[in-house]
Amino acid sequence: MVVHSASVRVLAGLDPEQRSAVTAPAGPVCILAGAGTGKTRAVTSRIAYRALSGDISARHVLAVTFTARAAAELRARLAALGVGGVQARTFHAAALRQVRYFAPRLLHGRAMPELLDSKVRLVTQAAARSGLRTDRAAARDLAGEIEWAKSSLVEPGEYVVAAAKAMRDTPHEPARVAEVFVAYERLKRSGGVIDFEDMLRAAVWGIEEHRDVAEQVRAQYRHFVVDEYQDVNPLQQRLLDAWLGGRDDVTVVGDASQTIYSFTGATSSYLVDFPRRYRGATVVRLVRDYRSTPQVVGLANAVISQARGAEARLRLELVGQRPPGPEPQLRIFTDEPAEANAVAARCRALVDAGTPAKEIAVLFRTNAQSEAYEKALTEAQVPYVLQGAERFFERAEVRQAMVALRAATRSIPGETPLPAAVVEALTAVGWAPDAAPAGGAARERWEALAALRQLAEEYAATTQVLPIGPAASVERPATLADFNDELARRAAAQHVPTVDGVTLASLHSAKGLEWDAVFLVGLSEGTLPTTYAKTVEQVEEERRLLYVGLTRAREWLWLSYASARAPGGRARRPSRFLPQLDRSGGAERAGAGPVARRPERRRSQIVSCRICGVTLLAGPDRKLGRCPTCPSDIDEELHERLHEWRRRVADAQRVPAYVVFTDATLVALAERRPGRPEELIAIAGIGPRKLGLYGEAVLALVAGAAVADVCPEKTFQIPS
């Protein structure tokens, strides 16, 4: 290949790994690109390098990605490099263009069917024909399930088995979903319309079943680039294979650690298996992170290093390239309102110190979590925008619930306690406090209404109203009418239009974006990972979701969770994915200020569960070396001897038993059964002093010695 000066200029400023990706020979190339490693630059530079050197013609290149924004970015970068004519489109846009072009030929002159913008209307009709009454949220979940099936190349008659095999959390019994699927397909055909999956299938069918179409498409497109390859689903891969037609000039770019859309049918298996499918493929790893500080990169590496499964085989350990920045901070709060208020106060401080509001993001697991942050930011007079979601009080279910709450003031007795009155009113819109549906749109709707119930409980607990008139000196409990006034006030405050503000976004909608300062909030068990993550694969996807959130931050990173949802509520545990950060300088409980610690305290080691491998944060779990949900392999007989030994030692020393060893330490000893001093001291809570005091006796007990042999009935003195 003759290298021209224009193509040489493309290589300027590339790091060694990027240069390897750009100059790789024609044929299969797999670029494993970590977050912030310049993958778009590498991809566009590869296309430009080959085009400017005469290796390929730009008009024969098809670059596909998943968003119109990403496709536009590819085109803009190529234009800046002096290369025009490359087709950079989403899978759907590329397929639609081809189907429309070939429709007269394939349909023998008939018009192309109309393309549905949304499945929801037809799915609602299909559900009714199948005997299911659905609201809009339930219809969206059914539509999503049908979309998953069609993207996974699953036919209606195969759905029940496929859903069971994939362990789908279905919105209804799988057999009922299959009935709706069948009815939906019939309604579509009778109405003469197609959906987006049909359109992709039509593009595949046109190429696979019509030689003249295949020859024309393959003559036009000879070189392929696929961005975000970890998000490809089976239907999209089938279309890519049809375009290729057995050829192998394809460059794929992806990061298995950012696979977070498997619920839609996306799978990283094609990225993982690429080197096996294309023997001799060039594989390049981009690991130099130009986005985030080494401190942020180090934390992201620590979280993803615990990953398991197929994706973990392609795990990349990023190397930060920016100058050092502040350490990530972990904050612990007593409840969610305290957490939200602290986040808002910190956002206010950042903005006042000169950080543009648009360079700050608050990221959470579910959209239903946004309300607390909308309120807190509003009260702190910090502008905000929501990414990929409606504001809380603009959501259809919330507006409907507020109408029901206002109507309930006429039917519910005034002496009814506020929380009970709100629950009663919400039942009128189909909400049940103990009947949370499966994950998806219906679950989001349920959680939004549950948030209203939670607001009512907090309002009732903290608000006493001073009446007007003769009884003005006596406060009374807040009523449903008072609560409606409070909701109206909040809605009015949060509906103020904003242009430039702090971004509130779910972790899913944050992918592909980045900010100077990022707050990752609500990092507790049951939220991240969600309670609906039941399999190892689902839990691992939740871990990757946190990894995506971490790698959105350029410089300043805050992680937080609340010990309870509401003041005085049930205690919650921090997310199992959180590594043990150095909390000097700020692990904080709301209202208490920084926790006092030695200023030179060393950073704690990351401790992983010896059974499932997740990162352990809580002290008792670190002692045990396992998650509380993982099975115990405790030696009960040894545990009893350790208890008796501790009792005797504590009595002899005239100290409480826990001063010798805590209950958690005894369980850890009986489970881990250390045989050497170094194994004993590896258990959290056993330091050099206790090793010297009790190490010999404990090791003897583990080896089978009787309590009387290691702890004779005599006074036990603690060395000074």
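Select R331 and then S560 in β18: the two are bridge partners. This is a predicted model, in which local features need pLDDT of at least 70 and side-chain atom pairs count only at pLDDT 80 or more, while totals for chains, interfaces and linings use all residues. Residues are numbered from 1 along each chain as its sequence is written, and side-chain values use heavy atoms, with hydrogens and water left out.

Strands here are DSSP E runs of at least two residues and helices are H or I runs of at least four, numbered from the N terminus; two strands pair if DSSP finds at least two bridges between them.

Now show the open sheet of six strands, paired in parallel in the order β11-β18-β17-β12-β16-β13. At its edges are β11 (329-333) and β13 (384-387), each pairing on one side only.

Next, select F224, V226, Y229, L239, W243 and F274, which touch the most other members of the largest nonpolar core, a set of 43 residues. Helix α5 (residues 91-106) gives the most to this core, seven residues. Such a core joins buried Ala, Val, Leu, Ile, Met, Phe, Trp, Tyr and Cys residues through side-chain atoms within 4.5 Å; buried means under 20% relative accessible area (1.4 Å probe, protein chains only).

Technical notes: Buried means under 20% relative accessible area, exposed over 50%, partly exposed in between (1.4 Å probe, protein chains only).
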